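Good morning, everyone, and thank you for coming. Please take a moment with the structure on the screen, and then I will talk about its aromatic rings and its nonpolar core.

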Amino acid sequence: MEYINDRRAKRNVIVLVLAQAILGAQMPMIFVIGGLAGGMLTTNPCLATLPISFIVFGSMTTAPWLSPLMQRRGRRFGFFLGAISGAIGALVAAYGLYLGSFTILLMGSFLTGIYMSAQGFYRFAATDTASDTFRPKAISYVMAGGLLAAIVGPQLNKLVQEAFVVPFLGTYLAVAALNLVGMMLFFALDLPKGNLNEPAPVNTAPARSRAALLRDPQILVAIICGMVAYSLMNLVMTSTPLAVVGCGYTTNNANDIVSAHVLAMFVPSFFTGHLIARFGVEKILAAGLVILTGAGLAAILGVQMGAVTTPPADPSFSGLINFYLVLILLGVGWNFGFIGATTMLAGAHASSERGVVQGMNDMIVFGMVTVASLASGGLMNCSGGTPVEGWTAVNLAMLPFLILAGGALIWLVMRPRTAPVG
């Protein structure tokens with residue numbers, strides 16, 4: 001029975017694409033300067049990326065209560081809450097920079113994590129009123145909204161990061177403004193409370209417990225693959241500005257490299273959904289893991305071939321190109337891996353389980369991302385004597401997680417097929 005109106009879903013997708021573009025511009029801005037601001041305020045270089053870790057930790061701890069809250073009060077309520085928290089967090093972080101307080105910077109970063117968690121649910125909101133056929137395309141289109149964010153965020157950051165005497169203060173003030181302006185878009189969302197645009201099914205089985213949900217092979221593998229794709233992307237991206245500047249390049253070079261990375265994260269979204277529909281989600285997930293592996297290999301080969309070096313040697317053009325190559329591969333691999341995992345998860349549970357599954361998924365995913373961002377600073381600054389040695393350690397750390405996700409996906413594919421849930 002066709003009870004979902006894709007015209008309504010397409011309207012919501014447009015709103016969410018715009019939200020991803022405007023509000024989402026803050027994330028590349030903060031991820032470029034977060035580690036640099038942290039390094040400026042802390043005396044321990046191993047803690048330089050702690051502001052980014054606190055953002056991800058805030059997202060992890062928010063997801064378990066924000067998802068059920070949105071199922072009760074509606075997506076719009078949760079998205080407004082996220083944007084307001086993002087604005088307050090940016091202002092608190094700006095105040096921390098003004099005072100030179102690392103602790104206050106971390107407090108603001110934690111509040112920014114509430115926004116990050118809410119943004120993560122844009123992709124799920126796109127599926128709430130979508131048919132099974134339109135669902136992967138809806139997720140893909142919303143993720144494609146990050147394309148504009150990839151252009152606007154780093155370029156805006158170039159204009160504002162040195163606008164005040166205190167470095168990076170302008171970045172956080174601009175982020176606060178993006179949240180306050182962008183949140184107005186959510187008035188245009190057409191989603192009912194509870195996020196269900198469907199009649200109550202007859203003889204529906206009771207919602208499964210969290211333990212039972214995690215025993216579902218499709219849910220388990222979707223969470224593992226999403227966790228690995230996102231955490232590895234965060235691991236490498238968080239350390240990239242430190243590596244770029246440490247190898248003698250400029251902060252503007254780091255902005256441009258992160259901009260190229262975020263473009264690579266979202267440009268494929270225009271066709272990822274179509275690829276999933278044509279080839280199947282498992283093949284696209286596998287392709288994402290292979291591309292992520294290629295990113296790690298490109299980084300290590302760049303070091304081994306002498307392209308990536310540390311001053312006092314002059315920074316070479318080939319080293320800069322290597323950073324671009326690694327971050328572009330990282331972005332494409334993340335796109336295939338994360339959209340594939342989201343699509344797999346969206347089709348693996350009943351409507352009554354939506355709030356629990358999505359909240360649990362994002363708690364686990366961003367829990368691992370928190371660990372990755374913490375490890376990024378330690379590996380980059382404290383695992384060797386030079387930025388090059390740290391950069392090598394960061395990329396070698398990808399290997400065990402890629403083996404985990406690849407093994408889980410192979411296990412799922414080799415299992416006998418069962419009927420989908422819901």
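Let me begin with a term: rings of Phe, Tyr and Trp, the last taken by its six-membered ring, form a pair if their centres lie within 6.5 Å. This is a predicted model, and a search of the whole structure finds 14 such aromatic pairs.

One of them joins phenylalanine 80 and phenylalanine 186 in an edge-to-face arrangement, with 5.8 Å from centre to centre and 85° between the planes. Phenylalanine 80 lies in helix α4, whereas phenylalanine 186 sits in the loop between α9 and α10, so the pair ties together parts that are 106 residues apart in sequence. Phenylalanine 80 is buried, at a relative accessible area of 15%, and phenylalanine 186 is buried too, at 0%.

Another pair, tryptophan 334 with phenylalanine 338, is stacked, with 5.3 Å between the centres and 20° between the planes. These two residues are four apart in helix α15, and therefore about one helical turn separates them.

Ring pairs also link Phe79, Phe80, Tyr122, Phe186 and Phe187 into a cluster.

Turning to the core, the largest nonpolar one has 133 residues, and those with the most contacts inside it include Phe79, Tyr122, Phe186 and Phe323. Helix α11, residues 217–246, gives the most to this core, namely 18 residues. If we leave aside neighbours within four places in sequence, phenylalanine 323 is in contact with several residues, among them Ala243, Val244, Tyr249 and Trp391.

How values were computed
Residues are numbered from 1 along each chain as its sequence is written. This is a predicted model: local features need pLDDT of at least 70, side-chain atom pairs count only at pLDDT 80 or more; totals for chains, interfaces and linings use all residues. Side-chain values use heavy atoms; hydrogens and water are left out. A nonpolar core is a set of buried Ala, Val, Leu, Ile, Met, Phe, Trp, Tyr and Cys residues joined through side-chain atoms within 4.5 Å. Buried means under 20% relative accessible area, exposed over 50%, partly exposed in between (1.4 Å probe, protein chains only). Contact means heavy atoms within 4.5 Å. Rings of Phe, Tyr and Trp (its six-membered ring) pair if their centres lie within 6.5 Å; planes under 30 degrees apart count as stacked, over 60 as edge-to-face and the rest as tilted.
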